Protein chains: 4
Amino acid sequence: MPGNSIGERFKLTTFGESHGPALGGVLDGMPAAVQLDLDRIQAELQRRRPGQSKLTTARKENDTVTLLSGVFEGRTTGTPIGFTIPNGDAKPGDYSHLEGQYRPSHADYTYDAKFGTRDHRGGGRSSARETAARVVAGAMARQFLEQLYPQGPAPAVGAYVERVQDIAMPSPPAYYDAGTVDAHAVRCPDPDTARRMEARILEVKKAGDTVGGSIVVVAKGIPPGWGEPVFDKLHADLAKALWSLPAVKGLELGSGFSGTLMKGSEHNDAFTGKSGSIRTTTNHSGGIQGGISNGEDIILRVGFKPVATLLTDQNSVNQAGEDVVLSGRGRHDPCVLPRAVPMVEAMVLLVLADHALRQRSARL
Amino acid sequence: MPGNSIGERFKLTTFGESHGPALGGVLDGMPAAVQLDLDRIQAELQRRRPGQSKLTTARKENDTVTLLSGVFEGRTTGTPIGFTIPNGDAKPGDYSHLEGQYRPSHADYTYDAKFGTRDHRGGGRSSARETAARVVAGAMARQFLEQLYPQGPAPAVGAYVERVQDIAMPSPPAYYDAGTVDAHAVRCPDPDTARRMEARILEVKKAGDTVGGSIVVVAKGIPPGWGEPVFDKLHADLAKALWSLPAVKGLELGSGFSGTLMKGSEHNDAFTGKSGSIRTTTNHSGGIQGGISNGEDIILRVGFKPVATLLTDQNSVNQAGEDVVLSGRGRHDPCVLPRAVPMVEAMVLLVLADHALRQRSARL
Amino acid sequence: MPGNSIGERFKLTTFGESHGPALGGVLDGMPAAVQLDLDRIQAELQRRRPGQSKLTTARKENDTVTLLSGVFEGRTTGTPIGFTIPNGDAKPGDYSHLEGQYRPSHADYTYDAKFGTRDHRGGGRSSARETAARVVAGAMARQFLEQLYPQGPAPAVGAYVERVQDIAMPSPPAYYDAGTVDAHAVRCPDPDTARRMEARILEVKKAGDTVGGSIVVVAKGIPPGWGEPVFDKLHADLAKALWSLPAVKGLELGSGFSGTLMKGSEHNDAFTGKSGSIRTTTNHSGGIQGGISNGEDIILRVGFKPVATLLTDQNSVNQAGEDVVLSGRGRHDPCVLPRAVPMVEAMVLLVLADHALRQRSARL
Amino acid sequence: MPGNSIGERFKLTTFGESHGPALGGVLDGMPAAVQLDLDRIQAELQRRRPGQSKLTTARKENDTVTLLSGVFEGRTTGTPIGFTIPNGDAKPGDYSHLEGQYRPSHADYTYDAKFGTRDHRGGGRSSARETAARVVAGAMARQFLEQLYPQGPAPAVGAYVERVQDIAMPSPPAYYDAGTVDAHAVRCPDPDTARRMEARILEVKKAGDTVGGSIVVVAKGIPPGWGEPVFDKLHADLAKALWSLPAVKGLELGSGFSGTLMKGSEHNDAFTGKSGSIRTTTNHSGGIQGGISNGEDIILRVGFKPVATLLTDQNSVNQAGEDVVLSGRGRHDPCVLPRAVPMVEAMVLLVLADHALRQRSARL
């Protein structure tokens, strides 16, 4: 299928450009009988919304989602859920100077190279604005997962900003709930680190520059058995989903690159049955072995590059391939990380929901 | 579809267990009229073959591939290419002690958790042996890509071992041809580094232990325009393909995690038209912008954990969840990296071939 | 993927219930640079619209489509085209008596059996109203196909009502343009047959009863080479697409069932090169041989059952499985065929557009 | 995906040409823990085998299937099942006269039109010989379905020849077991009709000509709820699967075309709860309503054209488009229907197994 769908059994298809009439999507495969709390969906959209703090772009969007189908009397019916999010504060005129020019490290040139044409207004389809539809679908995936085991501990997925440029959390990856994470605008759960990150972002913003960093996401309460070898390994599908987000430069699972410095005798996660169930005493594996969840926390680290939109002059070319100097304009984020937290959660939730359903056909 | 296929238009489906009668696959979507050189396919299999040097497992396999369909008088016909690779030196008896026990950081437990059963002989389907089928298909993808632009520079994909544990190449990622890479058994193109890596691997092997490291893969000659936003971005599909290999712990594109420490003004790749075509003066993007190739080298770094099979005793559990001590036995690699080089190339080649075909429907 | 998408490279995903806020869809894979005439899309929707003549349901719907993305300055951009069609004249109250009861030969019972729940208002997702989104996408497919060969004869797809109950066209299947077909409300191009069909439908309507019949669809100007053996044969994909329409009971290709009465020596289509290109002297094959188009007209006949909604009393059961007598109410069509003509065309157009793109990867 | 796979969760991919080294396939998605009886799989292949009676082609093939993976100690493991069927009695030399010529109503011309090349030996990939792999996979699907409800009545699928040319069964479609059907070489369960059919086939064979007819297939014991609206309706997927078989010209579900002559009041299937469960008093629907099974017998009729290979001279063209006279040679079936019975069953079984698994994600 073309590139705007993700998932096998729990499948999201999205559409929409940054400055068109609306964004939206279709979530097909949501099982029937899930109670959908619309306020919680809207609340997740608010976490991704531009203009939520001085750390983010000044674009003002209410980002109100409207469900068009698939829900009846508050519960899903098993039919596809169509939804739209209107673009309110579109200012396409802001981008007219970009019509024939390519912004460095943006998708302007490559879209033209691919399609022979592009909607240049605000990056068109390549804008991070398209992730709003992912957050809506991720919020629905979360509610599905929460209702999956009425008796057991609910699966939970939480992300946070671990590092902004070189300012990093002092503690190893762990699960934090959204309340703790959102206590600071930068979405780092450690108060002291959060303050230093925010100062850095504002300083960089003042200079018209941008910074990147890393986000950690932890999924807990995932039962053993999710993931389909050999190509649709759970972490392979998570990797694809996370790498499909804008600005991703690196990904680690569990021990990550630091694990590649260890010896096997140090890195292996010993099993123990002492607790009455099969667990590992360490979790270098990051909750996945052989592509299948093992019941431990799934731990991933995602690196994001500094935002490519600058408010300074840059060397570039126009469509004719002639060198030009591009002047910085438009609204943008000095650091994508705070708003990327709900995007990262959404992608992980979508993959987990998909594999929750896929797992149902593993056995007679 | 279930998890044993990869690709949309250039699709590989594989089958086979470590100690069953044969491995194999079906490559569907290979265009007609590609001249297939079987010797080159076989040669790539030899690069992956166990027992090729003292750095690898002692298992002896000829790994001879037989094509069963889709090729007529030396050229592809457009119909699916079925192929098999018999398992020769299978010693399933070596694994009988594992029938009821779970090896740490292997897929033994998770396969049981998923399927309620498993073929315990040598890891069954979870064995890295299944990648032989990928290497065959990757070798065919390579020949397709080479013949795609008879006039232009042929796309080329080359991987090499950049680091074993903490012993790393002194130079940044670059393209090296297979001859240079294969000059040393460890598949590091820098002679001095290669010698030190080999010494480390033999030292670790002697101790019954294992080490990991990283592989760099570079694709050059890829035209601008490949990749399908927003979910099937070129690097998202590459990420999935590479993370589907056994033992992967981390992945970086272009500047990778180190790029997340830079400011936007440092990280952006300025465009220039000086050469007569649109190029970038740096390549922090790693050849992909907005999920679409931009014509620069595609550069990825893959981190591999130390092999989980040890020749020492380890704490583990049996199927009943009781603690046991597992004694190390069987044949294995002290370091997966030299043999992973052709696997990494194969996965990149498969994704590129797929997007070469997908790109054909981008425009009227 | 779940069941609400169709197509590999030209893929439509639809959503929407009969009495929800809106229907809609996402068309992903439309190539860039297609000039889209919105008036023509809307005109095709009008052909499917309820309330267009006394032969159809009294439900009044403007059926106005809104495009939300994927089109910029009148041309497609290669990004997904999202669209919605609001439900205007929804009267869900008309269906409250059906909440706990199952209408015979409708999908009420089977939706409950599958999902454990259903939106009972007007059939919910099972209503033929969902085909509005198909007609929109089919109209876009038509414009793509028309622009595919600027030099050559444009592919054209035309359907018409061949038979209502036992009143049938006196002539064999052939291509008729929309103007000729639409000259009569019943959409039969033969004036005398059309008049008799219309009289029959009105007579049956008066009795609160319904009738079925058959539609012929012809695609001309399709070049040889479209279709992918062995499972995605062109007629296999056409069959799936057409059988996915409501009320279909039978399908024939070319000579159809009557061809199964002939001997091979009578049925084979002899080739001749007399015209300067390779053609067949007869067309029992219906334009497809071995699953691939051969350049002759593609000819299909689709049989539709009489509409299941009656205005008379019927024996049925309620959700508890108790026998009840169901009284006929609500708005409905006495004969689905006139409005099914644009639906049939849409499904054929979608499949052809998909295979037009798939064909592009057949050769090196 | 390219065209040689079928199924979403229970997916068969096939490969192989008529005169290559082997046919085969990969069945991915078979759940773990199914007991596989290899003798029964082989027995189903024997039903499809050439040379089984004087009614079929003289080609002699043992058609012995070898399973290469996915089965351990007699039970499926959940991993893909690879299998091969060697081509024994290949006589490619018999076809050398066809290298540059196109047989009428075969796929010779269209394969060349698509791929620009073809394997001309015995039709290559377009030969009905490729259906052997389908029969193997269908036989495995049957065993899966039989073990699906250990307590309940097992789903069963039975096909038979209903009509050869104009010689037809006197009774309406019904389920017959394989023993009854196979009592006559022609696979018609009515002895008198069978004898007349066999006489007709031999008479036609003597004249070097061929005949077609129709096959009925009935699936019983299918629970309500299988099938995924709106595009993957159960009968839409069945239609695609059946139309993917060679030589199909028509398909009917339940009442079929004769149902299109009835009024709604005659055609509707009244529900009744008298038996303690919800059933219909008639079955014009053919077991499927709104694309979802309703628990009644699923009844389909498939029309097959007369075999295109004749032993008489025919007008045709060569690759240069010049008129030629083609002389009849080679081995072939005078009537495809007896051997098509297991093929039809296989396709229905594959679709049912797929939807059995897909249904598992319909509800929370």
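Trainee: In what order do the 5 strands of the open sheet in chain A stand?

Mentor: The model is predicted, so local features need pLDDT of at least 70 and side-chain atom pairs pLDDT 80 or more, while totals for chains, interfaces and linings use all residues. Residues are numbered from 1 along each chain as its sequence is written. Strands are DSSP runs (E, at least two residues; helices are H or I, at least four), and two of them pair if DSSP finds at least two bridges between them. The pairing in this open sheet is antiparallel, and the order is S1-S2-S3-S7-S4.

Trainee: Which strands of chain A stand at the edges?

Mentor: An edge strand here has a single partner strand, so one side of it is left without a neighbour in the sheet. That holds for strand S1 (5–6) and strand S4 (66–67) of chain A.

Trainee: Which residue in S2(A) stands opposite A:Ile6?

Mentor: S1(A) and strand S2 (residues 11–15) of chain A run antiparallel, joined by 2 bridges. Opposite A:Ile6 stands A:Leu12.

Trainee: What is the area buried between chain D and chain C?

Mentor: Buried area is the accessible area (1.4 Å probe) that two parts lose on being put together, summed over both. Carbon and sulfur atoms give 57% of it between chain D and chain C, and the area is about 8,300 Å².

Trainee: How many salt bridges does the rule find across this interface of chain D and chain C?

Mentor: A salt bridge is a side-chain nitrogen of Lys or Arg within 4 Å of a carboxyl oxygen of Asp or Glu. One of them joins D:Asp232 and C:Lys240 (2.6 Å, N to O). Across the interface of chain D and chain C, the number found is 6.

How values were computed. Chains are lettered from A and ligands numbered from 1 in the order in which they are written. Side-chain values use heavy atoms; hydrogens and water are left out.
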